[in-house]
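Colleague: I'm new to this one, could you walk me through the aromatic side chains with me?
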Amino acid sequence: MTTPKDLLDWLREHTDELVADASWLVDLETPSDDLGLLEQGLPQIVDWVRRRVPDFEVVTEHPASETAGAAVVLELAGSGSQPVTMLCHVDTVFPTGTVAERPATVTDGVLRGPGCFDMKVGVVQAVWAVRALRQLDSPLPTLRLVINTDEETGSYNSRPVIEDAARDAAAVLVFEAAADGRLKTARKGVGIFTLTVTGVEAHAGLDPTKGVSAIDELARLILQLHGLTDLAAGTTVNVGVIRGGTRNNVTAGRAEATIDVRVATMAEQQRIQQAFDSLATHHPDARIEVGGGWNRPVMERTEANARIFNQAKEIATQLGLELDEISVGGASDGNFASALGPPVLDGLGATGAGAHALHEHAVVATIPERTAIAAAVIAAHAG
């Protein structure tokens, strides 16, 4: 029987290969907004997956949309009545050309490069976890590996693929980066709203009583929206961008705001939604329109999430490693899966720091460790 220590020993022997794969993937530039590079890159990534784990077969090829890249699902037949679904994204927030300026480097045990922490190292760990299990002849459950290219822009195109792959899963493992080494058992839900106010234009000096200021109305509404924040409940409402008016001597006929909302529970999501639904103008001749909505549902810390975390924690203990959990404000594709009911364990990817930043990096020594933990969790679901 393959033990977690067997997995870790084997993966440590292959650390250089894991790092080489991660460096290659970092240097394969895949920005969310460059559909041409995504179209070139995704097939190369699929080919790489199948070279590392030949048993994986492509079962779904979801096409790109006009604004977002494609997604694929690869499946490996195994035992058990329910599959284990693994979620990965390969798109990055960095603009085209960043890799030429800052290619992957490894110095003093640290891998650096755009997208290495979020989340290309995690992709490599997911694939090598399965490779290690195959190489050591360990039993496997049926596996679904989802790779999408629009996570950083909301996964609007790939969401149905993610949900189809997760709906009947025994567990969903998300290879996003860890949070200070901790796994993520809860994530906030995210709402992205727009609020547009239409007023009545008039000359601000000659006819001050004939105009209805959209800016004045919006300002009042912003105070209401910010008042919805409840830090104790884990809810934040942030009006991040406002636009309005045409000239300083014209009563503004139009103003708009974009709003970011984060909630930790479904009850808070419902409260915020009701507040948006009941927004009203101060002046009877002004009108408001609310657009946008909830991009990702809440991923609450369920009993099922806690159980699979405790399983991972016990595996880490067997390896002489510490493992903790955390709830975070950011969302991932795990939010979509969690809303469907299966246990979700997130943050199985790289340890390091600097997501979306110039100092983004992953700690090399932990790559085989985290891969071994993920592999052992997968093996535990074999029937």
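Colleague: Let's start with Trp10: is Trp10 buried or exposed?
Modeller: In this model, which is predicted, Trp10 has a relative accessibility of 12%, and because buried means under 20%, Trp10 counts as buried.

Colleague: And how many aromatic pairs does a search of the whole structure find?
Modeller: The search finds 4 aromatic pairs, and one of them joins Trp10 and Trp128 in a tilted arrangement, with 5.9 Å centre to centre and 40° between the planes.

Colleague: Where do Trp10 and Trp128 lie?
Modeller: Trp10 belongs to helix H1 (residues 4-13) and Trp128 to helix H5 (residues 116-135), so this pair ties together parts that are 118 residues apart in sequence.

Colleague: What about Trp128, buried or exposed?
Modeller: Trp128 is buried, its relative accessible area being 1%.

Colleague: Which charged residue lies over the face of Trp128?
Modeller: That is Arg131, which lies over the ring face at 4.9 Å from the ring centre; elsewhere, Arg102 lies over the face of Phe94, at 5.4 Å from the ring centre.

Colleague: Switching topic, how are Phe193 and Phe276 placed, buried or exposed?
Modeller: Both Phe193 and Phe276 are buried, and the two form a stacked aromatic pair, 4.2 Å centre to centre with 15° between the planes. The pair links distant parts of the chain, with Phe193 in strand E9 (residues 189-198) and Phe276 in helix H8 (residues 266-277), 83 residues apart.

Key: Residues numbered from 1 in each chain as written. Predicted model: local features only at pLDDT ≥ 70, side-chain atom pairs only at ≥ 80, totals over all residues. Heavy atoms only, no water. Phe/Tyr/Trp six-rings, centres within 6.5 Å; stacked < 30°, edge-to-face > 60°. Helix = DSSP H or I, 4+ residues; strand = E, 2+ residues; numbered from the N terminus. Buried < 20%, exposed > 50% of the residue type's maximum accessible area, 1.4 Å probe, protein only. Lys NZ or Arg CZ within 6 Å of the ring centre and 35° of its normal.
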